[in-house]
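Hello,

Here is the structure I promised to pass on. Please open it first; my notes follow below.

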Amino acid sequence: MKFAKALASATILAACTFGSASAADLVVGFSQIGSESGWRAAETTLTKQQAEERGIDLKFADAQQKQENQIKALRSFIAQGVNAILLAPVVATGWDEVLQEAKDAEIPVILLDRTVDASDDLYMTAVTSDLVHEGNVAGKWLADTVAGKPCNIVELQGTTGSSPAIDRKKGFEQALSGHDNLKIVRSQTGDFTRTKGKEVMESFLKAEDGGKNICALYAHNDDMAVGAIQAIKEAGLKPGTDILVVSIDAVPDIFQAMAAGEANATVELTPNMAGPAFDALAAFQKDGTKPPKWIQTESKLYTQADDPMKIYEAKKGLGY
Amino acid sequence: MTAILRGYALRLLPQLIALAVILLMVSLVFPGFFRLEIQNGRLYGSLIDILNRGAPVVLLAIGMTVVIATKGIDLSVGAVAASSITSGHSLAMTLVITLGTGLLCGLWNGVLVAILDIQPIIATLVLMVAGRGIAQLVTEGAILTFNDPGLIFLGSGSFAWLPLPVIIWLVFGILVALIVRKTALGMLIEAIGVNRQASTLSGVLTPVLLIAAYMLSGLCAAIAGIIAAADIKGADANNAGLWLELDAILAVVIGGTSLLGGRFSIAASVLGAIIIQSINTGILLSGFPPEFNLIIKAAIIVFILVLQSPPVRNAFTFVALLRAGRKPTEGQAR
């Protein structure tokens, strides 16, 4: 173990002194959670693409949704003496020991899209989106679009108690405060799935006078919105016109709906978390610039005016 | 004939009462509950939603009833539903492949249980875990969206003013019930559930019947999978059928079939599934915050199960017999 550590530090030293300018001989380990969703598959694809573009040798480990696999992967990265580790942690707790081992081996660790409950000197930086901000962007778009007219909103929440559901709800409500014309009349969980999104929307439509009472739908993710759009259509209403649809994530299928005029806006949760991470790493390798402890990715708003079909084509191949 | 009907009514009485009470409670919190209208050439209303949304659990419960009657259990149905969803072929081909996958999964479970004598809960746990994994491998974790009008029709089309999924489970349920009840099959299945060894010794082809029961369950799961995929126009390997095996088992239990095997009733299990879906839809319509969903569901289910428990049932019979002026000892003896 000592030998491995010494070897690892030596490799890092070598990388710092001899290969400072080019990234060609950078070896980066990436411990991915698994393939729990289309978004995560896209994140994996983009991370591999980004690494290839920069000539980084990416060692990829799929943890199959298990923390012990991730810890094993991290230990093996440390033993191999990689230059840096990207970690998308499956849970928040239980990382202190292995992160300390990486620190002892002087291997910088960058967290992707989720954070951990550990002292922040154990990792170099965390690249994540701001979930509250995402909800806020969606809420602002809606407030601007209805422009003072009274509007009853129904909300499809994510899985009850999950942090995206809590934060995206919070951000949206923050954006609505001060707009007395906007009111959330119904809010239920759709578990982030299409099936539940459709089922819950069906009940919303029945409960609110066949949907005549509803002016907008806010869904915590696109999949629920796609399900809800089908429910709205089956109830004989026009999604996107009779009921405005705004959601978060920007997965390809919602762009198809936007192109068809059935969805109005989506806020992107970019799967390109690795890009900013590699940038920070390059700067650190070059002259030791320490990045801030949190790099926030952009929460970009897409509407029907953004040529949704083109974005759909671009996103389609990413494995969503 | 009337005697048979009366027998049915008596058997289904607790479930029918539970369903009526739940529907009544929902209509109290949501007054427009019973309203039905014709829209786009089909009936439209909350009651139809319950029948339609309940389709996957009803189908799973039909297969699960037969398996449980053999003293088995099938934990893999949710995953089988997920793994049977294939796309990219013609409609007929897709359906054949899907149903074939379901039957194959059932055959696997059946062989493990009947031939290798592995306990059902363990044997089917294998596919519960692996089935979803296989499905995710096929879809690479992404939701496959399709636009085949025929397949979509299966999920959201309608026939005779009813959504097609409702027709599918009605026809399938009646078919299975007729097959097991109009032949000796049902009795043989019950015999295996009560005492497998004794049935084998008296000449019942136990392994064949067991495998057939699991294959039926796999077939039901496959049909449920088709409906779930057709409904959202996409195959979602991560979430389709997730935890549905537990709802299906619950439906069978609410239907009064014992987990220890033996006597079973498919109609009661179907009612059980509809009860579960009525609770789900009722909660959604009531407008309670989502944090209460599971608590409300659990409370209602505990209430139903307590009503069905032998001591409470005996107490009811006791009171009823007292009222009828008979001697209580007769009631207890039954």
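Which residues in α7(A) meet which residues in α13(B)? On the α7(A) side they are V200(A), S203(A), K206(A) and A207(A), and in α13(B) they are T281(B), L284(B) and L285(B). Two residues meet, or are in contact, if their C-beta atoms, placed from the backbone, lie within 7 Å. By class, this contact of α7(A) with α13(B) has 4 nonpolar, 2 polar and 1 charged residues. Ala, Val, Leu, Ile, Met, Phe, Trp, Tyr, Cys and Pro count as nonpolar; Asp, Glu, Lys and Arg count as charged; the others, Gly among them, count as polar.

Some ground rules. This is a predicted model, in which local features need pLDDT of at least 70 and side-chain atom pairs count only at pLDDT 80 or more, while totals for chains, interfaces and linings use all residues. Residues are numbered from 1 along each chain as its sequence is written, and chains are lettered from A and ligands numbered from 1 in the order in which they are written.

Now the helix pair. Helices (H or I, at least four residues) and strands (E, at least two) are DSSP runs, numbered from the N terminus.

Next, the whole interface. In total, 29 residues of chain A are in contact with 28 residues of chain B. On chain A, α2 (38-53), β7 (182-189), α7 and α8 (222-234) each supply at least two residues of the side that touches chain B. The largest share, 9 residues, comes from α7(A). By class, this side of chain A has 4 nonpolar, 14 polar and 11 charged residues.

Last, the domains, whose bounds come from an automatic or database domain assignment. Chain A is divided into domain 1 (2-128 + 271-289) and domain 2 (131-269 + 304-316). Their centres, taken over C-alpha atoms, are 35 Å apart. Chain B has domain 1 (37-273) and domain 2 (288-334). Here the C-alpha centres lie 29 Å apart. Chain B holds 16 helices and 6 strands.

Best wishes
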